[in-house]
Structure formats: structure tokens, C-alpha cells
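Okay, thanks for coming, everyone.

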Amino acid sequence: AAGGSLQSSMKSVILDVFNAAKSTLSSKKGYFDLFGVDLLLDDTLKLHLLEVNTNPALHLDNKVLEDLLPPMVKGALTLVLDAHGHNDSTDDNQVEEEAPPPTGFDLLYDERNGYQWAP
């Protein structure tokens, strides 16, 4: 499917960026980084990397961002907590329908388990 191919291309670009930069990233227990990756499709549907942000804006100043960002941040935190074995599934605030894994998230790289996504 075309969407699948585009998603695979996006994942490949993100993983390439990470692999190129991982030697410059520091790993510190209890910390994580959230990166913003801006990708652009041209008029021929070719994918281009525009930029990578180390401090992406998380403003909820329009309906699209209000719908997109809170689940994205929650999903990112869930992945981080799960990766470090600190996700408490008995949390009283957790709704069963919202249990991990979060919708729309795919693991691309897991250093601890030696996993790297491949198309």
C-alpha cells in the first residue's frame, strides 16, 4: 500500500537520523529526550527531511494539536516507562481501553534488547 510505503520511508529516515547521531547522545538513567522530526512531501510525493528539533513545541493552540499532542506525549511516556520497567499497570487513573501499546507508535530502536526496526 502507498501509505505503508510512505510510513516505511518515514521510519527509515528517522532511524537513519538516530543512527547518525546516537554516538553524540548521552544516556542517563531517569532521563529521556523527545525529538521533533519535520518531514516534507514534495509534489511528486518524495519524502524530505526538513529538520530535527531537540525541543519540539508542544503548544495546544489549535484543534489539530489539541487532538494530536496529548496522546503522543502520553504514548511517549508510556514507552519510556515500559522500557525502564516503571510502568505501573495498577494505576487507578489508567483506563483499560487506553492500555499500552499506544495506538500509532512503533518501536524503531531498542538498545537494551538489541532491536532495530527494518522495512
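I'll go through a lysine, then a ring pair, then a helix. Keep in mind that this is a predicted model.

Let's start with Lys11, which sits in helix 1, residues 2-21. Is Lys11 buried or exposed? Well, its relative accessible area is 18%, and buried means under 20%, so Lys11 counts as buried. And what does Lys11 touch, if we skip residues up to four places away in sequence? Asp106, Leu108 and Trp117.

Next up, aromatic rings. The count here comes to 1 aromatic pair. That's Phe18 with Tyr109: the ring centres are 4.7 Å apart and the planes meet at 50°, so we call the pair tilted. Phe18 belongs to helix 1 while Tyr109 is in strand 3, residues 109-110, so to speak a link between distant parts of the chain, 91 residues apart. As for accessibility, Phe18 is partly exposed at 29%, and Tyr109 is partly exposed too, at 25%.

Last stop, helix 2, residues 63-83. Those 21 residues reach 31 Å from first C-alpha to last, close to the 30 Å you'd expect at 1.5 Å a residue. Which residues of helix 2 are buried? Leu69, Gly75, Ala76 and Thr78.

Now look at the two ends. At the start of helix 2, Asn62 has a side-chain oxygen that comes within 3.0 Å of the backbone nitrogen of Val64. After the helix comes Gly85, with a positive phi near 65°.

Conventions
Residues numbered from 1 in each chain as written. Predicted model: local features only at pLDDT ≥ 70, side-chain atom pairs only at ≥ 80, totals over all residues. Heavy atoms only, no water. Helix = DSSP H or I, 4+ residues; strand = E, 2+ residues; numbered from the N terminus. Buried < 20%, exposed > 50% of the residue type's maximum accessible area, 1.4 Å probe, protein only. Contact = heavy atoms within 4.5 Å. Expected span 1.5 Å × (residues − 1). Polar contact = N/O pair within 3.5 Å; in protein donor to acceptor, adjacent residues only side chain to side chain. Phe/Tyr/Trp six-rings, centres within 6.5 Å; stacked < 30°, edge-to-face > 60°.
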